[in-house]
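Me: I would like to learn how to read a single residue and then the chain around it. Could you take me through it step by step?

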Amino acid sequence: MKFCLYRYRPESGEKPFMQEVELDIDPAGKMLLDALIAIKAQDETLSLRRSCREGVCGSDAVNVNGKNRLACITPLSELTEPIEVRPLPGLPVIRDLVVDMEPFYRQYRSVKPWLVNDDPEPEVERLQSPQDRALLDGAYECILCACCTTACPSFWWNPEKFVGPAGLLQAYRFIADSRDEATPARLDNLEDPYRLYRCRGIMNCVDACPKGLNPTAAIGRIKALLVKRRV
Amino acid sequence: MNTRRFDALIIGGGGAGLRAALQLARSDYTVAVVSKVFPTRSHTVSAQGGITAALANVDDDRWEWHMYDTVKGGDWLGDQDAIEFMCREAASAVYELEHMGLPFSRLDNGKIYQRPFGGQSKHFGGDQATRTCAAADRTGHALLHTLYQQNIQHRTQFFDEYFALDLLRDADGYCLGVSAFSIETGEPLLIEARATLLATGGAGRVFGNSSNAMINTGDGLGMVLRAGLPLQDMEFWQFHPTGIAGVGCLITEGVRGEGGYLLNKHGERFMERYAPHARDLAGRDVVARAIAIEIAEGRGCGPRADCVDLKLDHLGEQAIVEKLPGIRELSIRFAGVDPIKAPIPVAPTAHYMMGGIPTNLHGQVVAPARFGPEEPVPGLYAVGECACVSVHGANRLGGNSLLDLVVFGRAAGRHMLEYLRDNPYPRPLPGDAADASRARLARWEQPGNERITAITDDLRRTMQTRCGVFRTDTVLREGFTQLNELEARLAHAGLQDTSRVFNTARIEALELENLIGVARATLVSAISRTESRGAHTREDFPQRDDEHWLKHTLYSREGDQVDAKPVRLKPLTVESIRPKERVY
C-alpha cells in the first residue's frame, strides 16, 4: 500500500516534508496503527505515540486523509491510497506525528474537571437515580485524544481563549452530574465571548469524535442553561 | 545533570500511582508523578468489568466471603493477611471513589450497580455472588480519569512523558529517587525524594498475544532487578480466557457475568464439563485451560479452529447497549462481529502478572537482608500490578486488580506520610549514584547491526510458545536457551535514530532491556516450580504439591538464583482458610 507521511525533525534544520512510503501489507483486518508500526520497523526514525491499540487511551490521534482519527481503530481497508498521515492540526508539532498537547490539556484543566460537593461525606455511596446517571452517558466517556478540538477552526484561531469541544464536553459532564454542586461557578467560568461562545455549531467535533460523542449537543445545553439563568 | 527535589515521588500514572499520589497531595508534603505517557493513557484505562467489593447492593454479601474467594481463586498462594486487609478495606475504597465523582452505573434504588464475576460465591463457596461494581464496561476509564481529576485539583506535580531509568540508592540501601529523562527533549534529570513509589504496572507485552497496552513493559521490574533486589512469584501469569481471537483485545468477564457463555464448534457449553457448578464463571485459569484444551483437541471454532465462541446475543439488544457498550464497539471493530447478532470469536490472551516486586501490606518493598527474609528497603514502595503483596496468589480473580490499586495505593500513601515524618531530612546523594544510568544512555549511542524490533518480536514469540498456558521442563528450558541467544543479540543491537527529540526507538530499546529481565525471571521461576498451581500449569507435574510448594519464589538476577519464602496463611483477625482442593 502507498502512504504519504508527514516528517519533521527539529534538529535537522530542514523544513517538514511529506515522505512517500510503500508497504507490503494485507489490509484485511488491519488497522492504520498496524501499518505505522510496520513502517517504523523498517525505518525506526518515524516518531508517533501509541499505547492501548484498542481506542481507549487516546494516544494515537492523527490526521488521516484530512480527517482526525485514532490510528488504532481506523481500518486500512476503509482508506483510499495514497494514505496521507499528518499530525493533528492546530497544535505545535514536536516531531513527525507527535504534537505538543499542552494547549489542549490547559483548556481541559481550565474547566476544573473534578466533582465539587461540599456536603459531609456519607459513610456509603451518594445515591443517584439511573435516570440522573443516564445524563452522564455521552459525556464521561471522553478519552482526551483531541480529535475534536483540533478539528475545530475556532480552536485553531484562539487556542488560548476558546475552551474547545473536549473541554466544554468535560465541563458539561460535571454540570450534568446530579452529585455536583458547582453549576453556577461552572457557568460563570464559561460565560465569555471566547471561552464558550466561539463555538459556532459547525459540528466538526461531532464528525471527528472516534468515540461517537457529541460535544456540540453538550455545548448547546450549556448555552441553554446560561440563557435560562438570564431570564 | 539537572536535579529536582520532592518529599515523595511516584513512578507511574495509572490507578495505583495516582491513588497514592492523591494521598500525598492532600498533605503538606510535595509529591511528583513521573509517567512515560500522559496519565490517562495508562493501562488502567483499559479495565472494563469493574472493581470488586462486598457492598451487598444486589444480594447478601460479606467481606469474609470475598476473602475466601480470593484465597481460593489464588490457589492458596496468596498471603492471607494482605487478602484480609484488601477485602476489609474494599467497601470504603469504593465509596471513596464514588465520593470523588466516579460515574458508577446505578441500581433502581440509586446505589452502585454490581454484577456477578468469575470465582465469586456466597457463604464460603456456595451460590454465585454479585460483587463487582461497574461503570458500564468502562470502569477502568472512569476510575483513572476520576483519580487524575482529583490529582489536578490537589496540584500534584506531573512529569508527563518522562521515562524513568533507574533507582538512586546510597550505600546503606536507602532509595533516594530515580534518574529519568524527558522523552520530548531527551534531557536527563535526577529526581530526588525521601520516599519513592513504583507503580509502573504490568509487563504483559513480554508475550506475543496479549491484552496489554504496548507500554506494559515491566519498567519498574527492570529497575528493581538492576538494583539487585528480587522479584516474587514471576512464574504466575494470567491468561484471560476471552481475548478477541487473533488480536488479543480483551472482552470482559462481565459478559459472562451478565449471562453470556462459551461454545465449542459443536455448539456445546463445554464449561459444564470442566466446572460443573460455576461453569463459565469458574476461575480465569480454569476457563483459559478449558478453552486451550478444546482448541487443542480439535473442537475450536472459526476457519482455523483456533478459537471458541462467546455467545451473548440472547441477552438482548438493550442489555448489551446499556451494560456492555464498550465491548460491543471492540467486537465490531476488531472481530467484525456485532455481538447483538452473533457470537464473538475468543481465545486466551496474556493478561496479568500475579508476581512482581515483593512488598508488605503497607506497600513497602521487602527483600531478604541481615535480619530476615522480609526487611523493608528504606524509602522504596511498590503498588499495583508491578507489586506482589501478594493478594492474587497463583491466579487473580476478575475485579480484584482495580481494588488492589486503590486499596494498596491508599495504604502506601498513608505509610509514606509516616515515613516522611520519621525521616525528615534528605540523605545526601552519592556522587556516583547516576553513573549506571549514564552508562545505559551512552550504551544506546553505540552503533550495532541487530535491530531492536526484531529482537523484541523474537522475545515475544519465545515466551508465547515456550512459556504459555501449558508448560513442561523441556519446553521451558528451550525458552531459556533462546532467551540467552536473544540477550547475546541485544549486546550487538544499535539504534538508527540518533535524535534526542521524541526518540521512541530509544524508548523501545530501554523497554526491551526491562522485558528481557522480566522474561528471565519468569522462565527461571517457572522451571523451578515443579507443580501445577493456579495459572502455572506444568504438564509434567500436573498436581498441586502443598508439601513442597506452598511457598513463594524469589528470583534474583545475580546468578539467576531462586529462593523461597513461606506463604502467610495467618490472616490479621479471622481464622485461617486452610488449603483444600480447588474445584468450581
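Me: In which strand of chain B is T242(B) found?

Reply: Helices (H or I, at least four residues) and strands (E, at least two) are DSSP runs, numbered from the N terminus. In this case T242(B) belongs to strand β11, residues 237–244 of chain B. This is a predicted model, in which local features need pLDDT of at least 70, side-chain atom pairs count only at pLDDT 80 or more, and totals for chains, interfaces and linings use all residues. Residues are numbered from 1 along each chain as its sequence is written, chains are lettered from A and ligands numbered from 1 in the order in which they are written, and side-chain values use heavy atoms, with hydrogens and water left out.

Me: Is T242(B) buried or exposed?

Reply: Buried means under 20% relative accessible area, exposed over 50%, and partly exposed in between (1.4 Å probe, protein chains only). T242(B) is buried, its relative accessible area being 0%.

Me: Which residues does T242(B) touch?

Reply: Contact means heavy atoms within 4.5 Å. Leaving aside residues up to four places away in sequence, T242(B) touches several residues, among them C249(B), I251(B), R256(B), L310(B) and V346(B). The side chain of T242(B) also reaches the backbone oxygen of I251(B) at 2.6 Å.

Me: How many helices and strands are there in chain B?

Reply: Chain B has 16 helices and 22 strands. Of its 584 residues, 67% count as buried, and among contacts in chain B between residues at least 6 apart in sequence, 74% join residues at least 24 apart.

Conventions:
A polar contact is a pair of N or O atoms within 3.5 Å; within protein, one must be able to donate a hydrogen and the other to accept it, and residues adjacent in sequence count only if both atoms are side-chain atoms.
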